[in-house]
Amino acid sequence: MEFNFNDFAKAFLSILFTGMPFLLFGTLFAGIVEAFVPSKVIKSSLPKNPVLAVIVSGFLGMILPMCECGVVAVLRRLINKGLPVSCAVTYMLASPIVNPIVILSTYTAFTNQSQFPMTGARIGMGYFIAVIVGLSLLRQPAQKVLNQSVLFIPRSGLFKGGFARTETNLEMMSFSSKLRHALHCASVDFIDVAAFLVMGAGIAAIFNTAIPQTSLAVFANDPFLSINLMIGMAIILCLCSSTDAFVAASITGFPNSAKLAMVVFGPMFDLKLLFLYLSVFRPFFIFRAVGIIYIVTLIGCYLLNFTSWFQ
Amino acid sequence: MRLGISLRKLIAGVLPLIALTAWAGLMIWFYFDPRINVLTNPFLHRWVLLAGIFLALIVIFRFIEISRNGMIALNCGEECRDSDELTVGKLVVFFTLIIPFFLAIIVTPASFSGQFVRNRGVELIAPAVITKGIPEMTADEVQSVLGEVTVYDTDVIEILMLADDPAARSALEKKEVSFIAQLVYPEAKAGISEKNRNIFYAVRLYMLCCAADARPVGILVRTPTSLEGKEMSWLKISGILNYVNTNGRLVPEVTLKTSELIPTPEEQYLY
């Protein structure tokens, strides 16, 4: 492992410049949701049955597609609006995979590499894991899952959210007041989450540039090791879910099951996301959720390795 | 004492605006500075610019609010009185947002180091994801072009792609080719071993999204004598092309005839 500051600076900046627009658009969207969408609309849009609500939430990315950077900001506001934490987390984990852009990019990237089974397995496994994590939260009180700052957003962060409006106040506001409120919320969220993105990008850039990836190729022939290795690569490389399939498809020598692990696990957890999650969740919940994501990805990809499509 | 408290509240309110202004400025500047915008795929440039403009608009909106409502717009008044205060946490967040970003922009070099390329591993076969540079000529057309020129001017990707095309490959093999690439040694030059003394990789970096996912593709070049060039410098390379069986795959190799240092091309990366 050899650290080069110049390489680090380039990788760090490139991750920031790639992530920032999506983070900002996510926070703008979150601001609009906060200011214009009444809680009752969000609550009534999902089934009353909590299990069914989680199952439906896994598909929300098809209507509201969000990448993994932007979705964290949206999640904060959706929870603030009264969306159950279990549903919000399911949406957060599924949306970077179960959305039309990612489905198309995965299908294109794996041309001539079992593209249909790979795309189907990615979506299916991503959805399944998100729902499992969501269901595991059904009996958890929000206080055990969320940070104090999310339980009361207006007090959080560097930029104080001065508009601690109640729903009644919100309904009485004029359009221009709502717009001001939306922009204010967007700026609050952006500052709050961007600081974590900077930290995550910094840590990711160190590993991204300093670890010799060539030395890892010796494990490519063992399915168990190669799946774990590609999960490790996903954590280090911090790729965007809309392009990670192209990177995975271009890595030679590894079985498709290992590439699948990379594109399933990566959008749900990596070094950059660890810091973004810390802005919302308690560390214990992150640890538990990552454990579930890892185990299901590992078992799923290992079993699929026995089929010809994924070898 | 009252003035001191007000000043702290003012700073606490203004810090986020400074951070947002700085970021808006950097994102807009990114679009116009080729040293920085080379860090992402061109399709993202407009998105970064758009994000910078949106951030700038948010800052303008906040300033208008402040000019209208004064401190109330900066701070949240009675609703969250304790969060108006300037705390160590807020200063840490502010400096986290500002310092690493600016520092990285100041020091970021034009190119990655040779060590970065070695860490990634040079791919000697055509990556499946690159569509740009796929030769459009048939084998006959390649042959007819070769009949007219003594040196076939090509690029790294085309040479790699031709390895999988038997007709075109046989037309080009043993012919002189020229292309541009970056110089990377198989090991750090300081402690290079005897077996690697007369070879180097002619490398191009291709990126999908941003420089952090850049992967090197290249051709092994054999030289009659040890080459003394600076790593990652741009070269115009001419040499005889061969396709060598390596682990069951035909991989191109070039025996160097001439190499010439050239300025950094406009397109540093392949997309």
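Is B:Met232 buried or exposed? At 7% relative accessibility, B:Met232 counts as buried, because the cut-off for burial is under 20%. The model is predicted.

## Residues with positive phi

B:Met232 has a phi near 70 degrees, a positive value in a residue other than glycine. Most residues other than glycine have a negative phi. B:Met232 lies in the chain B loop that runs between β4 (215–222) and β5 (234–246).

B:Lys174, also not a glycine, has a positive phi of about 70 degrees. This residue sits in the loop between α9 (166–172) and β2 (176–184) of chain B. With a relative accessibility of 59%, B:Lys174 counts as exposed, whereas B:Met232 counts as buried.

## Nonpolar cores

The largest nonpolar core contains 148 residues, and A:Met262, A:Phe281 and B:Trp23 have the most contacts inside it. Helix α1 (residues 5–36) of chain A contributes the most to this core, with 15 residues.

Leaving aside residues up to four places away in sequence, B:Trp23 touches A:Met20, A:Phe190, A:Ala194 and A:Val198 in chain A, and B:Leu55, B:Leu97, B:Ile98 and B:Phe101 in chain B.

## Packing of α1(A) with α5(A)

The axis of α1(A) comes within 7 Å of that of helix α5 (residues 68–80) of chain A, and the two cross at roughly 15 degrees. Angles under 35 degrees count as roughly parallel, so α1(A) is roughly parallel to α5(A). The crossing is right-handed.

On the α1(A) side the contact is made by A:Gly19, A:Phe22, A:Leu23, A:Gly26, A:Thr27, A:Phe29, A:Ala30, A:Val33 and A:Glu34. On the α5(A) side it is made by A:Cys69, A:Gly70, A:Ala73, A:Val74, A:Arg77, A:Leu78 and A:Asn80. The residues of this contact comprise 9 nonpolar, 5 polar and 2 charged.

## Packing of α6(A) with α8(A)

Helix α6 (residues 85–94) and helix α8 (residues 115–135), both of chain A, have axes 8 Å apart and pack at an angle of about 160 degrees. That angle makes α6(A) roughly antiparallel to α8(A). Their crossing is right-handed.

From α6(A), the contact involves A:Ser86, A:Val89, A:Thr90, A:Leu93 and A:Ala94. From α8(A), it involves A:Ala130, A:Val131, A:Val133 and A:Gly134. Of the residues in the contact between α6(A) and α8(A), 6 are nonpolar, 3 are polar and none is charged.

Notes: Residues are numbered from 1 along each chain as its sequence is written. Chains are lettered from A and ligands numbered from 1 in the order in which they are written. This is a predicted model: local features need pLDDT of at least 70, side-chain atom pairs count only at pLDDT 80 or more; totals for chains, interfaces and linings use all residues. Side-chain values use heavy atoms; hydrogens and water are left out. A nonpolar core is a set of buried Ala, Val, Leu, Ile, Met, Phe, Trp, Tyr and Cys residues joined through side-chain atoms within 4.5 Å. Buried means under 20% relative accessible area, exposed over 50%, partly exposed in between (1.4 Å probe, protein chains only). Helices (H or I, at least four residues) and strands (E, at least two) are DSSP runs, numbered from the N terminus. Contact means heavy atoms within 4.5 Å. Axes are lines fitted to C-alpha atoms, for helices over the stretch in contact, and angles run from 0 to 180 degrees between N-to-C directions. Angles under 35 degrees count as roughly parallel, over 145 as roughly antiparallel, 65 to 115 as roughly perpendicular and the rest as oblique. A crossing is left-handed if the near helix is turned anticlockwise from the far one by less than a right angle, and right-handed if clockwise. Ala, Val, Leu, Ile, Met, Phe, Trp, Tyr, Cys and Pro count as nonpolar, Asp, Glu, Lys and Arg as charged, and the others, Gly among them, as polar.
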